[in-house]
Amino acid sequence: MSMLTITGRLLHIFEKPATKRGDEVLDPKPQIQLLGEYPLPNGDFRHDLVTLTCDDPKKYKELLNKNISVPVGVFAPGKNQVIHFIPKGANPSLA
């Protein structure tokens, strides 16, 4: 069970192309993009687009343009950097 969940409208499903790091070629990765509302201290909100790596894009095809919730993991590899990802085996749900 994940402690964090992101909810938003599923806007796009795509495959990030393979990349090269030195002599190593990194595999392409399926990703999704969610548009959500980020609450502000004054009671207003701003829209925020989050790109998440997923293990199985087929799970998301039927949910395109719908509000969904997905469990997420988060880590910070450096100062002012935050990376979000969907844990392997996690399933989306309608919000």
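Biologist: What is the volume of the second largest pocket, and how do you get such a number?

Modeller: The second largest pocket in this predicted model has a volume of about 280 Å³. Its grid points are joined across faces, edges and corners, and the volume is the space filled by probe spheres set on those points.

Biologist: Which residues sit closest to its centre, and what makes a residue part of the lining?

Modeller: The second largest pocket is lined by 14 residues, with Ile-6, Tyr-38, Asp-48, Val-50 and His-84 closest to its centre. A pocket is an open set of points on a 1 Å grid over the protein atoms alone, where a 1.4 Å probe fits and protein lies on both sides within 12 Å along at least five of seven lines; a lining residue has an atom within 4 Å of a point.

Biologist: Why use a probe at all?

Modeller: Rolling a probe the size of a water molecule over the atoms shows where empty space is left.

Biologist: Which strand gives the largest share of that lining, and what makes it a strand?

Modeller: β4 does, with five residues. A strand is a DSSP run of E with at least two residues, numbered from the N terminus. β4 spans 29-39, so it passes that test.

Biologist: Where is Gln-33, and why is Gln-33 called buried?

Modeller: Gln-33 is in strand β4. Its relative accessibility is 18%, and buried means under 20% relative accessible area (exposed is over 50%, partly exposed in between; 1.4 Å probe, protein chains only). Gln-33 therefore counts as buried.

Biologist: What makes the link between Gln-33 and Thr-51 a polar contact?

Modeller: Their side chains are joined at 3.1 Å. A polar contact is a pair of N or O atoms within 3.5 Å; within protein, one must be able to donate a hydrogen and the other to accept it, and residues adjacent in sequence count only if both atoms are side-chain atoms. At 3.1 Å, the pair falls within the limit.

Biologist: Where is Pro-41, and is it buried or exposed?

Modeller: Pro-41 lies in the loop between β4 and β5 (45-53). Its relative accessible area is 90%, so Pro-41 is exposed.

Biologist: How large is the largest pocket, and what lies nearest its centre?

Modeller: Its volume is about 380 Å³. Lys-29, Gln-31, Thr-53, Cys-54 and Phe-85 lie nearest the centre, among 18 lining residues.

Biologist: How should I read these numbers?

Modeller: Residues are numbered from 1 along each chain as its sequence is written. In this predicted model, local features need pLDDT of at least 70 and side-chain atom pairs pLDDT 80 or more, while totals for chains, interfaces and linings use all residues; side-chain values use heavy atoms, without hydrogens and water.

How values were computed: Helix = DSSP H or I, 4+ residues; strand = E, 2+ residues; numbered from the N terminus.
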